[in-house]
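Open the model in your viewer and keep the selection tool at hand. This tour goes stop by stop.

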Amino acid sequence: DAVAVPGLAVANTLQAAAAHLRRTRRARVHKWLIRNLFVWFPLLCILAYSSYWVTLTSRSLYPSSPVARPAEPRAQKEKFSLKSFEHARSKAKASKAVSRRGADGTATDSSSGGEDLGGDDQSSESTPIDPSTATMSGPTFVISTNMGDIAVRLREDAAPRHAAYMKGLIEAGKYNGCVFYRAEKGFVLQGGLQDASGAKRSAGASNPPLEVKLPNKRGTVTMARWEDPNSGAGEFFINLGDSPHLDRTSDSGWGLGFTVFGEVVSGLEVADKLSLLPTVVKGGLKMLTEPVVMNKVAMQ
């Protein structure tokens, strides 16, 4: 009996210690839950809401800005390029086959004349033009910025309606004081009818229909648009690299391609320099932290 009493005391001590340990663990778990549920969870909610608010605010700075699509996966681009080639070849054959003689005995081609010049077409003729054989003459306009001038020749031979549309906007002074607001090195420098605050300017004219005839190569100037092929209304971008995914790749939506209406004849290095300025990602696009003002845009 004398030996049993100390053994019982040790057992009681061990049980008490185990109970204390369990209570301590429960207390720690409760403390952890309280700290995370009532401290960290509200903080995470606040951060999530702040991020959402910043996203909405950044998008509201550039309302309804059509964009140039980012590049697609390589395999898809190769598939689309083949389809685009086949489409162009079939178009060229169809154009020659439909060529016929008019009543006065002069040759009349289906790709010119008799075509509805309104803005309701799905798209205009999209037979590609070989840049090496196309006329290099045409009206030129100059974009003046604090970092240099960019001169652009309008390609009336490839996109006559877009050339006339842009010439009208420039002569009306619509672009004076507007900005370049998007810059992606090696891809695009984009600007249009909006000032540094994001306030939009009305073009005051009907949108030109799609005219996809020239490839989107480095140095070309292209009309930005939404998925609607005829939604280009004055936002444009300078291609800083070859972008075949912006050419015609299918028969609907984005795949119809983007209209190249001009080409940089001098000052492309200025565009490259502008593309290196600081940017911030907004809505998946790299936007200039300080948009570059087009002090004056005028025809030469």
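A residue counts as buried when its relative accessible area is under 20%. By that cut-off, buried residues make up 38% of the 300 residues in the chain. Keep in mind that this is a predicted model.

**The whole chain**

Start with the cartoon view. The chain has four helices and twelve strands. The accessible surface comes to about 16,700 Å², and 59% of it belongs to carbon and sulfur atoms. Among contacts with a separation of 6 or more, 71% are between residues 24 or more positions apart.

Select Trp 40, in helix 1 (residues 4-61). Trp 40 counts as partly exposed because its relative accessibility is 47%. With Trp 40 they form a nonpolar patch on the surface, and together the three have about 310 Å² of accessible area.

**The cores**

Next, go inside. Which residues have the most contacts inside the largest nonpolar core? Select Phe 180, Phe 236 and Ile 238 to see them; this core has 32 residues. Helix 3 (residues 160-171) gives the most to this core, with five residues. Then look for a second, separate core of six residues, including Phe 187, Ala 224, Phe 237 and Leu 246. In soluble globular proteins, nonpolar side chains tend to be buried together.

**Thr 220**

Move to strand 7 and select Thr 220. Its relative accessibility is 10%, so Thr 220 counts as buried. The Thr 220 side chain reaches the backbone oxygen of Lys 217 at 2.6 Å. A polar contact of 2.9 Å also joins it to the side chain of Asn 239. Leaving out residues up to four places away in sequence, Thr 220 touches several others, among them Pro 215, Phe 237, Val 260 and Glu 263.

**Glu 263 and Arg 153**

Which side chain meets Glu 263 in a salt bridge? Select Arg 153: the N to O distance is 3.3 Å. The two are 110 residues apart, with Glu 263 in strand 9 (residues 260-266) and Arg 153 in strand 4 (residues 148-154). Glu 263 is buried, at 13% relative accessible area. Arg 153 is buried too, at 18%.

**Other salt bridges**

The structure holds seven salt bridges. Select Glu 235 and Lys 200 for another one, at 3.4 Å, N to O. Glu 235 is in the loop between strand 7 and strand 8, and Lys 200 is in the loop between strand 6 (188-192) and strand 7. Is Glu 235 buried or exposed? At 3% relative accessibility, Glu 235 counts as buried, whereas Lys 200 is partly exposed at 37%.

Now pick Arg 218 and Asp 272, whose side chains meet in a salt bridge at 2.6 Å, N to O. Arg 218 lies in the loop between strand 6 and strand 7 and Asp 272 in helix 4 (residues 268-274), so the pair ties together parts 54 residues apart in sequence.

**Last stop: Ser 231**

Finish at Ser 231, in the loop between strand 7 (220-223) and strand 8 (236-239). Ser 231 counts as buried, at 13% relative accessibility. The Ser 231 side chain reaches the backbone nitrogen of Trp 226 at 2.8 Å. A polar atom of that side chain also lies 2.7 Å from the backbone oxygen of Asp 228.

Methods: Residues are numbered from 1 along each chain as its sequence is written. This is a predicted model: local features need pLDDT of at least 70, side-chain atom pairs count only at pLDDT 80 or more; totals for chains, interfaces and linings use all residues. Side-chain values use heavy atoms; hydrogens and water are left out. Buried means under 20% relative accessible area, exposed over 50%, partly exposed in between (1.4 Å probe, protein chains only). A polar contact is a pair of N or O atoms within 3.5 Å; within protein, one must be able to donate a hydrogen and the other to accept it, and residues adjacent in sequence count only if both atoms are side-chain atoms. Patches are made of residues with over 30% relative accessible area and no salt bridge: like charges are joined within 9 Å, nonpolar side chains (Val, Leu, Ile, Met, Phe, Trp, Tyr) within 5 Å. Accessible areas come from the Shrake-Rupley method with a 1.4 Å probe; for residues, only the protein chains shown count as cover. A salt bridge is a side-chain nitrogen of Lys or Arg within 4 Å of a carboxyl oxygen of Asp or Glu. Contact means heavy atoms within 4.5 Å. A nonpolar core is a set of buried Ala, Val, Leu, Ile, Met, Phe, Trp, Tyr and Cys residues joined through side-chain atoms within 4.5 Å.
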